[in-house]
Amino acid sequence: INAEYMGEAALEHETTQPTQPASSPSGALGSKKLFILVEFKRGRRIQYQSTFYANAGEYVIVEGDEGEDLGMVVYTWVDNPSSTPVVNNSLNSNRNSSGREVDPNSGDPIYPNAIRTATPNEVKTLHSAQAQAEIKCTAAAKAKVAERRLRMSVVDAEYQFDRKKLTFYYDASERVDFRELVRDLYKMYRARIWMSKVQADGQSPNE
């Protein structure tokens, strides 16, 4: 079975501290970079580099996990090129001291890209058809958990917008071996399955 088993979700993309809010879509950026902070389901937020301006509240298509995703912009800002030297103790490593992948030439952190502004139909799909599909996925996963008598509770599901990845959010008081559950879910949905443990506040980890 080609089920993709991923353990508890790790933090994928930390955000840098915004230095200058981007208040206008016009004006030359020069050597500066435009960034947007995008929010997804359950308050999950990821920072992206962008070639276009987007207002807070607008929806954008962004690079996802081997595909594309859709989320809402919560902040846009312009940042100067990094002047901080890269701390790197490994001769062949392209990561900085915080573990983020960096450009081997400039030493700047590498962020995923925002692709374009989402269309009204795409936003409608996100809030209607996709939301309904996620409700059904959650119910099906709960049934499988009960069938396998696993000591965990599935609380939500989230599709990547292209449906190549499906994340199930769960709560458990102890470590759970859910490899067979993941195989079950893969057979049902034919998408990459990711299991993400919710935090004490019920939110998913920011990436």
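**Glu134 and the setting of helix α2**

Glu134 lies in helix α2, which spans residues 129-147, in what is a predicted model. With a relative accessibility of 6%, Glu134 counts as buried, because the cut-off for that class is under 20% relative accessible area. When residues up to four places away in sequence are set aside, Glu134 touches Lys41, Ala157, Glu158 and Tyr159. Glu134 and Leu166, although 32 residues apart in sequence, are separated by 8.9 Å from C-alpha to C-alpha.

Besides Glu134, the buried residues of α2 are Gln130, Ala133, Cys137, Thr138, Ala140, Ala141 and Val145. In an α-helix there are 3.6 residues a turn, so residues three or four places apart point the same way. Just after α2, Arg149 adopts a positive phi of about 55 degrees.

At the level of the whole protein chain, 3 helices and 10 strands are found, and from the N terminus on these elements follow the order β-β-β-β-β-β-β-α-α-β-β-α-β. Of the 207 residues in the protein chain, 39% are buried. Among contacts with a separation of 6 or more, 66% are accounted for by residues 24 or more positions apart. The protein chain exposes about 11800 Å², of which carbon and sulfur atoms supply 46%.

Technical notes:
Residues numbered from 1 in each chain as written. Predicted model: local features only at pLDDT ≥ 70, side-chain atom pairs only at ≥ 80, totals over all residues. Heavy atoms only, no water. Helix = DSSP H or I, 4+ residues; strand = E, 2+ residues; numbered from the N terminus. Buried < 20%, exposed > 50% of the residue type's maximum accessible area, 1.4 Å probe, protein only. Contact = heavy atoms within 4.5 Å. Areas by Shrake-Rupley, 256 points an atom, 1.4 Å probe, with all protein chains shown as cover.
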